[in-house]
Amino acid sequence: MLIATIGSVGMWSVVVVLPAVQVEFGVARADASLPYTLTMVGFAFGNVFIGRILDRTGILVPLIVAAVALAVGFVGAAFVNSIWAFAILQCLIGFGASATFGPLIADISHWFEKRRGVAVAAAASGNYFAGAIWPLVMQLSLPTEGWRFTYIAIGLFCIVTMIPLTWFLRRRPPHMTAGATGNGSGGLPPRQIDLSPRALQMLLAIAGLGCCVAMAMPQVHIVAYCVDLGFGVARGAEMLSLMLVGGVVSRLASGFLADYIGGVKTLLVGSVLQCLALMAYIPFDGLASLYIVSLIFGLSQGGIVPSYAIIVREYLPAREAGQRVGIVIMATIVGMALGGWLSGLIYDITGSYQAAFLNGIAWNFMNILIMLLILWRTGRRQPLAA
């Protein structure tokens with residue numbers, strides 16, 4: 001969790017410095033948003049590429065690569081003089097940050113069976129903790145020393161702290177050690193399901209796309225929605241913070257739940273609750289009710305993405321976990337990007353966010369149907385070999 005909280009700074013720092021970068025480079029808001037887009041591109045690609053390395057080497061090498069990428073990216077970005085160079089280095093930062101999400105939760109899943117859900121949820125919570133902590137930490141130097149000094153400090157802090165912490169995780173996962181069984185970690189075999197591994201992988205990726213298109217509607221547009229309703233930017237930012245806090249609680253609670261009912265049922269519960277929360281945004285548009293609905297939305301959606309890692313470990317071979325988790329995480333990132341854009345497009349066409357909420361609900365239903373299909377096709381576990 002500590003490594004994830006440190007490394008995930010790459011996901012949030014660019015949002016904090018965006019206004020200062022825009023002013024210094026003298027570019028439009030759309031151009032200033034390009035570094036964030038490339039950060040997400042690097043994050044998406046890194047989840048798959050680093051996941052493949054994880055499957056071959058364990059987590060030590062990927063986390064060292066991540067620490068170096070973060071250090072080079074942050075320090076290098078502090079010395080550039082164009083928005084394009086800054087954006088390219090942000091892509092490297094996103095690549096480094098990716099190792100502390102998908103690959104890290106895939107790795108920790110190898111070390112737990114009875115409490116795997118809690119372990120995965122705890123590691124995944126580091127990403128949300130980073131979103132709550134790093135913007136506040138950056139304010140210690142950003143107003144007085146500027147974004148360039150702040151970036152250098154972050155880069156140095158990442159490499160100085162992450163590499164020693166990574167050393168504690170140097171032991172190779174159980175499924176890579178001599179005598180490990182072919183199905184994974186030497187414990188329970190994968191669940192039996194009437195789907196091929198490729199078909200299951202595709203369904204999980206489509207489900208990840210659907211749930212995150214829906215998830216993006218409030219997360220990306222809640223501030224703009226509050227402005228349209230006349231409540232102002234500050235109220236919208238507070239609602240976004242409520243979502244984030246609720247997401248941390250939801251992520252940990254979902255981990256406990258997954259240990260008892262499994263990843264698919266946990267994800268289904270979260271997806272249904274997220275859908276109900278999206279529906280509640282349509283009739284309840286008062287200030288107090290929006291605070292409540294935003295908190296409920298955060299409490300609903302936080303555990304959805306980590307549940308995909310649990311499902312992969314339940315149904316697919318452990319030796320492929322890094323790559324397969326990375327593919328699903330990449331699909332969720334694409335879903336967030338697509339959902340944010342679609343909501344804006346629908347608003348431009350209709351002049352209202354009501355249709356955008358309905359669009360999110362429709363994508364959410366697709367996720368629910370896929371989870372129901374996986375449950376329907378799931379068979380009983382095969383007995384352990386004597």
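Begin with helix α11 (233-261), which gives the largest share of the lining of the largest cavity, four residues; helices here are DSSP runs of H or I with at least four residues, numbered from the N terminus. The model is a predicted one, in which local features need pLDDT of at least 70 and side-chain atom pairs count only at pLDDT 80 or more, while totals for chains, interfaces and linings use all residues. Residues are numbered from 1 along each chain as its sequence is written, and side-chain values use heavy atoms, with hydrogens and water left out.

Next, select G117, V120, A121, R251, S254, G255, A258, T266, G303, P306, S307 and I310, the residues that line this cavity. The elements giving two or more residues to this lining are α8, α11 and α14. By class the lining divides into five nonpolar, six polar and one charged, where Ala, Val, Leu, Ile, Met, Phe, Trp, Tyr, Cys and Pro count as nonpolar, Asp, Glu, Lys and Arg as charged, and the others, Gly among them, as polar. The volume is about 40 Å³, taken as the space filled by probe spheres set on grid points that are joined across faces, edges and corners. On a 1 Å grid over the protein atoms alone, a cavity is a set of points where a 1.4 Å probe fits but cannot get out, whereas a pocket is an open set with protein on both sides within 12 Å along at least five of seven lines; lining residues have an atom within 4 Å of a point.

Now turn to the largest pocket, which holds about 2,000 Å³ of space. Of its 49 lining residues, W12, V15, Y36, Q219 and V220 are the closest to its centre. Helix α15 (321-350) gives the most to this lining, with nine residues, and the classes are 35 nonpolar, twelve polar and two charged.

Centre on L204: neighbours within four places in sequence aside, L204 is in contact (heavy atoms within 4.5 Å) with Y308, I311, V312, V328, M371 and I374.

Finally, go to T161 in helix α9 (residues 142-167). T161 has a relative accessible area of 18%, and therefore counts as buried, the class under 20%, with exposed over 50% and partly exposed in between (1.4 Å probe, protein chains only). A polar atom of the T161 side chain lies 3.4 Å from the backbone oxygen of C158.

Definitions and conventions
Polar contact = N/O pair within 3.5 Å; in protein donor to acceptor, adjacent residues only side chain to side chain.
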